[in-house]
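Me: Please take a close look at one part of this model, the packing of its helices. I would like the geometry and the residues involved.

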Amino acid sequence: MSAVSIVKASPHTTVGGRLTEMALDYMKFSLAGSKEPAVINRTFQKLWRARNNRFSHEYAYEAVQDGITLGMIMCYPTRLMNKLALPTFSQLFKLHQWKLIGYNLRNWKEFYTMVTLKEGELDEYHIGTIATLPESRGLGLGTKLILHAEKQAILQGFAKSSLTVKQENAGAIKLYERLGYRKVGEIRKPAVSMYRMCKNLL
């Protein structure tokens, strides 16, 4: 078995959409406008292949071993992530049209939480999503992916890296703290409670 490599993501990666879904947890329903697995999978695979949206391969890196993608991380300057909100919604509306609006009107707490979530400050490089396939757990992929994102942050001139994590996700919080992240804020919304965590890179 060869070593794990972190590489720029490809639009042709078949598990890109699935990994994005895993990272998004409950937010995937509001974004897809559905709780049907097939609709959700199709939505995020299309976003992964497309460009100019928050969940595009353009902003992702993959953990690959023996030619198989085992995990991914999406990261970008917070300012860019914020700018991608409108084109992301536009692509989602094109895919689902009024079904998307209808779902979010019925599930307004999820939608309100998503659109009012302030994930990062403008001077930060933000880790938006990270996920690894269940069968690859224990290989240290999360650490490798985060360290790679931090290198990208430094290359782009950022001194801070940030992320958000659900308060009940003790395992992830422990990993982030071990890597030098500290809690800098608390986010309380109708559908979720999260910590904002940040690391000084320089």
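Reply: The crossing of α3 and α5 is right-handed, a crossing being right-handed if the near helix is turned clockwise from the far one by less than a right angle, and left-handed if anticlockwise. The model is predicted: local features need pLDDT of at least 70 and side-chain atom pairs pLDDT 80 or more, while totals for chains, interfaces and linings use all residues. Residues are numbered from 1 along each chain as its sequence is written, and side-chain values use heavy atoms, with hydrogens and water left out.

Helices are DSSP runs of H or I with at least four residues, numbered from the N terminus. The axes of α3 and α5 (residues 85-96) come within 11 Å and cross at roughly 135 degrees; axes are lines fitted to C-alpha atoms over the stretch in contact, with angles from 0 to 180 degrees between N-to-C directions. That makes α3 oblique to α5, oblique being what is left after roughly parallel (under 35 degrees), roughly antiparallel (over 145) and roughly perpendicular (65 to 115). From α3, V39, T43, K46 and L47 meet Q91, L92, L95 and H96 of α5, where contact means heavy atoms within 4.5 Å. These residues divide into four nonpolar, three polar and one charged; Ala, Val, Leu, Ile, Met, Phe, Trp, Tyr, Cys and Pro count as nonpolar, Asp, Glu, Lys and Arg as charged, and the others, Gly among them, as polar.

Helix α3 (residues 37-49) also crosses α1 (residues 16-24), at roughly 110 degrees, with the axes coming within 7 Å. That makes α1 roughly perpendicular to α3. The crossing of α1 and α3 is right-handed. Residues in the contact include G16, G17 and R18 of α1 and F44 and W48 of α3.

Notes:
Helices (H or I, at least four residues) and strands (E, at least two) are DSSP runs, numbered from the N terminus.
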